[in-house]
Amino acid sequence: MFTVPITMQNMSCTCLKRIFKLKNNYRFVSSFEGLEPAGPSVKTEVPGPKTKSYIERLSKIQQSNSVQLFGDYEKSIGNYFVDVDGNVLLDVYMQISSIPIGYNHPEIIQALQKLDNVKAVVNRPALGYFPGADWIHKLENVLLNVAPKGLNHVTTMMCGSCSNENAMKNIFFWYQVQQRGGSFEFSPAEQASCMKNAPPGSPDLTILSFKGAFHGRTLGALSTTRSKYVHKIDVPAFDWPVATFPQYKYPLEENVAENKKQDKNSLEEVEYLIEQQKKIGKPVAGIIVEPIQSEGGDNHASKEFFQELQKITKKHKVAFLVDEVQTGGGPTGKIWCHEHFDLDGPPDIVTFSKKMQIGGYYLKPEFIPKQPFRVFNTWMGDPGKMIILEEVLKIIRRDQLLENVKETGKVLMKGLLEYQNNYNGLIHSVRGLGTFISFDLPTSAQRDTVVNRLKNKGVLSGGCGDHAVRLRPALTMQPKHAHIFLDKLKQVLDEGNI
């Protein structure tokens, strides 16, 4: 049985060697060298009997239909997830894209054992009221150190949904300041009417989003989420406009003209909706968009699309919010996916969470309200998560993990493209940046079959959209792990009857 006791002795001996030089290029050497298993090991059906019994117990306490596995997080290590049945699974999904450098990273555990850091976790402050003296240092040296170029202000939050929710509030504040001619003062009518949820204090403003988008499950964010009905049904929503996101055909090189037309049609629709909303008295204050539509099916668009979308927002004086909750933190080979698009300056707001550990958003100074409590909650983030993020970013830089992501991504893409050619269209539309990769199956049922069979061969993957299998590995996934994944996927495809 595979067990790895997480001890200080194990950590210290494995954290000394990081990178070595080969032909003038630096190659990644894992912090988990000697700790990870050689590969997956499946002992029971997945899910196994213990997981099934735990799910039955949990279902008596809370809704548990979404639970796939119960993890043994003492034994999980690096790129491997261990479940309560003792199955060791190569995890290319990583808690829905939220673990940046693997399970039980030795240096993260060491950092959280330092007394000062323990106290930061134990004495969790209400950051909007009583931040610790080191909080400014953390913001400057951790979050601003990786801020998108041109964005030097940040607001911290707890999760991706509340980051998008509050970022949209900042957009509305900014928009109304423009409507008041630059004034930050409120009229008596505005103060009184907002308490009745009526204009002028509660203006009829909108946020434009795209079909297939996912921006969260809180009420405001949910009004911009357009990926699956189950997220939205029975919940009141704002009557906000939605545009069509480009739907590309693959391979890209064989469908250039048609995909350019997709860009053009989408951009024309965006501009039309902005103009129409203004005419009916429900103006668009901002546009929210993912660099890659993740939950909606890993839908990509060209850099030219995003460049033109930014131009439209500037032309019509609406805010440009880029949701990097899932794409941020390095999985595309850059800390921020929108950096691939060569935009004309930064977006107005960039939201983050997941691999960044802490939630929040970067924003231009003009989007910061002058009055206190307009963006506020008890915790306004979590110093404990900032401790983790600080170590994560040090390791990303030192171990050159963004380069590792690019190298591993090439291995994955090469293998998947070969399968696309060799399995008669069973796998199609292979796409991705870095290790942020996906591919489609012809039907939802076939996609689910592949995901489930992979699980029983020792690989955790995930689905998104109607037909896609998505990969969301840690930045520590190496080419050797990519080959294991590809081998297991080939076994699934060779079995047939998918």
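This is a predicted model: local features need pLDDT of at least 70, side-chain atom pairs count only at pLDDT 80 or more; totals for chains, interfaces and linings use all residues.
Me: OK, and what volume does the largest cavity have?
Reply: The largest cavity comes out at about 60 Å³.

Me: How does anyone find empty space like that?
Reply: You roll a probe the size of a water molecule over the atoms, and that shows where empty space is left.

Me: Which residues line the largest cavity?
Reply: From one stretch of numbers you get F173, W174, V177, R180, F184 and F186. The lining also includes E366, F367, I368, P369, Q371 and R374.

Me: How does that lining divide into nonpolar, polar and charged?
Reply: There are 8 nonpolar residues, 1 polar and 3 charged.

Me: Switching topic. Which residues form a nonpolar patch on the surface?
Reply: L115, V118 and V122 do, and together they have about 270 Å² of accessible area.

Me: Where does L115 lie?
Reply: L115 is in helix 5, which covers residues 115-122.

Me: And does L115 count as buried or exposed?
Reply: Exposed, because its relative accessibility is 56% and the cut-off for exposed is over 50%.

Me: Now the backbone. What kind of peptide bond joins V46 and P47?
Reply: A cis one, with omega at about 5°. P47 sits in the loop between strand 2 (25-28) and helix 2 (49-59).

Me: What about the bond from Y250 to P251?
Reply: That peptide bond is cis too, and its omega is near 0°. P251 belongs to the loop between strand 7 (242-243) and helix 11 (256-279).

Me: Why point these out?
Reply: Because most peptide bonds are trans. Likewise, most residues other than glycine have a negative phi.

Me: So what is phi for Q357?
Reply: Near 70°, which is positive, and Q357 is not a glycine. You'll find Q357 in the loop between strand 10 (349-352) and strand 11 (359-363).

Me: Is Q357 buried or exposed?
Reply: Q357 counts as buried because its relative accessibility is 19%, and buried means under 20%.

Me: Where is S429, in terms of strands?
Reply: S429 lies in strand 12, residues 428-433.

Me: Buried or exposed, for S429?
Reply: Buried, because S429 has 13% relative accessibility.

Methods. Residues are numbered from 1 along each chain as its sequence is written. Side-chain values use heavy atoms; hydrogens and water are left out. Patches are made of residues with over 30% relative accessible area and no salt bridge: like charges are joined within 9 Å, nonpolar side chains (Val, Leu, Ile, Met, Phe, Trp, Tyr) within 5 Å. Accessible areas come from the Shrake-Rupley method with a 1.4 Å probe; for residues, only the protein chains shown count as cover. A salt bridge is a side-chain nitrogen of Lys or Arg within 4 Å of a carboxyl oxygen of Asp or Glu. Helices (H or I, at least four residues) and strands (E, at least two) are DSSP runs, numbered from the N terminus. Buried means under 20% relative accessible area, exposed over 50%, partly exposed in between (1.4 Å probe, protein chains only). On a 1 Å grid over the protein atoms alone, a cavity is a set of points where a 1.4 Å probe fits but cannot get out, and a pocket is an open set with protein on both sides within 12 Å along at least five of seven lines; lining residues have an atom within 4 Å of a point. Grid points are joined across faces, edges and corners, and a volume is the space filled by probe spheres set on the points. Ala, Val, Leu, Ile, Met, Phe, Trp, Tyr, Cys and Pro count as nonpolar, Asp, Glu, Lys and Arg as charged, and the others, Gly among them, as polar.
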